[in-house]
Amino acid sequence: MKLDPTWKNRLQEELEKDSMKKLTAFLAKESETGKTIYPPGDEYFAALNLTPLDKVKVVIVGQDPYHGPGQAHGLCFSVREGVRFPPSLLNIFKELKSDMGIEIPNSGSLTKWAEHGVLLLNAVLTVEDGKAAAHAGKGWEQFTDKIIHILNEERENLVFILWGAYAQKKAAFVDRKKHFVIESVHPSPLSAHRGFFGTKPFSKTNEYLKSKGKEPVDWSL
């Protein structure tokens, strides 16, 4: 599995831990028994490869990949070109339009955001076809915790966007004196009308970045 060198240098020790060896063995066994895993192996680290450590400006924390065919490609909330928008992603686009005046795009791929410094990090990086959270508790969480710890400790003036209780708990340790944290309910249809719509996360992110002398994110897709 290819991994961007800026991340590999900092995560090598984590990759060599027993927990990751067990996770690798688990994934290999699942594949050998004919189970379909999303995303494909060469996209497990897509978020890290598209957004090198020194380029990160914003971190959006998700839970685990979409579990339908052709959806997941290694970026939280994002789907491949040509795939129908999942409900949460559609709500994100509705808020983007309300907040920034950016029209809802034709594609649900957030690759452009990743290339502009938005780390789209799921807590769990793989899932079994048709089984949400099937790979929770298998070792990915410790690995992605380490990623957030590295960003928290080694970088300054990042924006952490935490939608929903899961993301907020995962990144609860982030130093709010060094970084800007935006929290709201999850964009899921179950909760979006109870405190997601109208929160203006995209403009708030850019206002903060500009206040710190950083280039704002181009949120257009």
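Contact means heavy atoms within 4.5 Å. This is a predicted model, in which local features need pLDDT of at least 70, side-chain atom pairs count only at pLDDT 80 or more, and totals for chains, interfaces and linings use all residues. Residues are numbered from 1 along each chain as its sequence is written, and side-chain values use heavy atoms, with hydrogens and water left out.

Q: Leaving aside neighbours within four places in sequence, which residues is leucine 119 in contact with?
A: Neighbours within four places in sequence are set aside here. The remaining partners of leucine 119 are Trp7, Ala47, Leu48, Thr51, Val56, Val58, Val59, Ile60, Ile147 and Leu151.

Q: How are the rings of tryptophan 163 and phenylalanine 202 arranged?
A: Rings of Phe, Tyr and Trp (its six-membered ring) pair if their centres lie within 6.5 Å, and planes under 30 degrees apart count as stacked, over 60 as edge-to-face and the rest as tilted. The centres of tryptophan 163 and phenylalanine 202 are 6.5 Å apart and their planes are at 65°, so the pair is edge-to-face.

Q: How are the rings of phenylalanine 202 and tryptophan 219 arranged?
A: Their centres lie 4.9 Å apart. Because the planes of phenylalanine 202 and tryptophan 219 stand at 70°, the pair is edge-to-face.

Q: Is tryptophan 219 buried or exposed?
A: Buried means under 20% relative accessible area, exposed over 50%, and partly exposed in between (1.4 Å probe, protein chains only). Tryptophan 219 has 1% relative accessibility, so this residue counts as buried.
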